Amino acid sequence: MNSLDFLRKALKLENGNKTGIIPIEMKIIKIKKSFFAILPLIGFIMSGIEAKATTLNDSIPEKSSEFKKGIRFSPSMNFFDYGDLSFGQIASDYKFGAALGMVFDWKMSDYHRFRLEPYVEYQNIKNNSINPDIEAITSFSNLIFGVDALPLVLTYGGKYKGTISAGGFAKYVLNSSQSTTLNGNSVNNFEVEINKLQYGFSFGAGAYLGKRLVELRFYQSLNDFVNSPVIPNSINQVQLILVY
Amino acid sequence: MKNVLLIFAFLTLLLFNSCMTDREAENSFYLNQINKIQVISSKTIFFTENREEDFNLTVSFFDRDNRPFLNNIDVPYVIYLGDSVIKEPSLDLSKPGKYKLRVMFPTRELTFSNEVEIEVVEGDYIKELVLDFSNETRNQFTLVNNEPYDFTLRAFGPDGEIPGVEEQIKRNLSLQVGNVNTNRLTGIPITQIGLIDVQASVFGIESNILKINSRQDVSYPIKEFQVVFHVFSNLFTPSQSSFESQINSSNIAFSGGIRSSFRRNLNAVDAGFRFKLADRNPDGSLMETKGVNRIMSNKVFLDAQDQELLQLKFNSLWDPSQYINVFIEDLSSLQAAGYAYLPFLTSPVVGGLNPILEEDTELFYPIMVALDYRLFNGQYRDDNVLAHELGHYLGLYHTFQDCQTGDFCDDTQSHTLPSNQSIRFSNNRTNCSNEPYISTNFMDYISVVDNFTFDQKERMTKVYENALFMPKDFNAPDSRIKPFKRGQLDPSIKPIICNF
């Protein structure tokens, strides 16, 4: 058992039920619980570092409020969560996408910032049956307009500031195309209905490098992408956000 | 700075858990359309044996609107026998009892099929064993040491016929054919003459008894006829080869020489009749074209039953005691390929040919065969029309004559023609007892023909020996040739018209 396994078990984040059906509500509560379980730990770590920083950086005056804006480019990995993933896990059948947008960044205090990030995103994602004897794949390509609102951006440091962020997002699917193959052969008479409005929460970690920002952010959608009577399915996403 | 990087690294690892997880199979949007699975087993009843038995499952998938789904796709599914998962549909027959079988596909909600009850039973489960002739050898009459029989055997239980037990029946079969015992149902030769009982037995249960009348074929001296084709001069110009073709086909037919894709009839024989083109005119002079007599006529007869045409043909007949007269006509008004007059007899040796006439009766009807001229100019190809019409000429009826008297031949199945045009000429027939069989007899209207039977030969031989106006003198060169007396035409005598 490695340290991460130990940590997962300590935080009781491991999903012991590998095959059972977990209702979407349970899944959200579980992730929320996991997130709130981490928060005290993060707070504890940050407060310790903050106390040390106060003693070391007492001679550099900083502005108490500041507004920045920048160009945001973010490649992404997209995958479905059918309620069978443990916290923070990435499914092996992810597909890549990318987004381009703006970042509006307000400094609220020395350690707290607020960010608003509108963007246009091209997202690929696939639904993949892993049954070894029959392969059914439904692939989607989505053009999306999204906005991330991050009211909680905690920073620490001087020229290079470490940062963690948490907030929510809303996305609207402007256009979506889909295709299905069965054992490699195209299926013509199958098309699923999608929910064009996607929303959820996001959290990430990164660093302000002067005027630039690098952040790895996890997006957990809270509603299904495909209207399915039997399969809970939300889109999970990891974005590597690069801001100039 | 070092601390910031440490925190970043820690949180990144925490956030993404540093691993990727594989999917379960049940999350496919497409495959989760499966809402109902229907399974049908090829067998539900098995008899106890010390072995394992495989069986087939037909599994159908349906979507939420109950429409067939994943047709023609080899969909993997899990088979449950009771609560156990089995790899292949197979059953240990040494353990009698009832089992429940179902299949499952791993959709999100695990879709299960209907439940099929399978039972391993003892032999006394059979309430009735039904032995029958196969369709291709359905005949109570046969010729000894000729073609072998095939039989079918069906087992019936409390709920009707037991499906899928053919292999088990074959393995445990005993078939008594006269005084011969065998353990198979097909290729059974008949080696005894007389009335033979056939009975099957499986697991100690006995079937009904089939009776077979086995007879010895009889060879008669070959009887040969000379045939003259009368062709109206204004109809078409024939070639001798086209007539030779029909004569050759008829000889092969009457000698039993035709082989088709079907099993040879149990009673197929060499009928003992042969035909050749006439080479001499009635006055004894050599014919200009062998076998062909051109009748000069300026009139076109659109109606094949025109009285004037009938009289013309009657007047044109060559001595029927010397020749078989075949007229080539336009039979489109009858929609027929040919027709023939039945013979009259001098003694009642066979049924269905009445009245019986005196030997010195003058010719009063045009005993002849008529063929449509399109058979000879390439418009229509059927080499066996003449053979069929010669069968009538020699006293045979159609096998589909009726279900009362039939065709007066025991070894041909009595039947009627199907009213459904699409199966009218099919070799797959149903007899008057509603039993299916394969017909390949020349006297039926079917696409593939290959035989005259033993009883048809016997009938034709008796007719030949007792008919008026039959060219018997040709086969008895030493006999005294009687003068040909052409009497008054009786137009009420009608031929058998053949609407192929």
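Analyst: One begins with the salt bridge, in which a side-chain nitrogen of Lys or Arg lies within 4 Å of a carboxyl oxygen of Asp or Glu. Please keep in mind that this is a predicted model.

User: How many salt bridges does the structure hold over all chains?

Analyst: A search of the whole structure finds 35. In one of them, the side chains of B:D411 and B:R215 meet at 3.3 Å, N to O. B:R215 belongs to strand β20 of chain B, whereas B:D411 lies in the loop between α5 and β27, so the pair ties together parts that are 196 residues apart in sequence.

User: Are B:D411 and B:R215 buried or exposed?

Analyst: Buried means under 20% relative accessible area. B:D411 has 1% and therefore counts as buried; B:R215, with 15%, is buried as well.

User: What accessibility do the partners have in the salt bridge between B:R381 and B:D383?

Analyst: In that salt bridge, with 2.7 Å from N to O, B:R381 is exposed at 67% relative accessibility, and B:D383 is partly exposed at 21%. Salt bridges may also share partners: A:R72, A:R115, A:E117, A:D148, A:E215 and A:R217 are joined in this way into one network.

User: Why is α5(B) described as largely enclosed by the rest of the structure?

Analyst: Nine of the nine residues of α5(B) are buried, so the helix is largely enclosed by the rest of the structure. Among them are B:H388, B:E389 and B:H392. After α5(B) comes B:G395, whose phi is positive, near 100°.

User: How does one read a pair of aromatic rings?

Analyst: One considers the distance between the ring centres and the angle between the planes; planes over 60 degrees apart count as edge-to-face. The structure holds 47 aromatic pairs over all chains. B:F273 and B:Y464 form an edge-to-face pair, with 5.9 Å between centres and 75° between planes. This pair links strand β22, which holds B:F273, with helix α6, which holds B:Y464, and the two residues are 191 residues apart. Both B:F273 and B:Y464 are buried.

User: Which cluster do ring pairs form?

Analyst: Ring pairs link B:F225, B:F254, B:F273, B:F275, B:F442, B:F452 and B:Y464 into a cluster.

User: Where does the charged end of A:K171 sit?

Analyst: The charged end of A:K171 sits over the ring of A:F169, 5.4 Å from the ring's centre. In chain B, B:R102 lies over the face of B:Y80, at 5.6 Å from the ring centre.

Notes
Residues are numbered from 1 along each chain as its sequence is written. Chains are lettered from A and ligands numbered from 1 in the order in which they are written. This is a predicted model: local features need pLDDT of at least 70, side-chain atom pairs count only at pLDDT 80 or more; totals for chains, interfaces and linings use all residues. Side-chain values use heavy atoms; hydrogens and water are left out. Helices (H or I, at least four residues) and strands (E, at least two) are DSSP runs, numbered from the N terminus. Buried means under 20% relative accessible area, exposed over 50%, partly exposed in between (1.4 Å probe, protein chains only). Rings of Phe, Tyr and Trp (its six-membered ring) pair if their centres lie within 6.5 Å; planes under 30 degrees apart count as stacked, over 60 as edge-to-face and the rest as tilted. A charge sits over a ring if NZ of Lys or CZ of Arg is within 6 Å of the ring centre and within 35 degrees of the ring normal.
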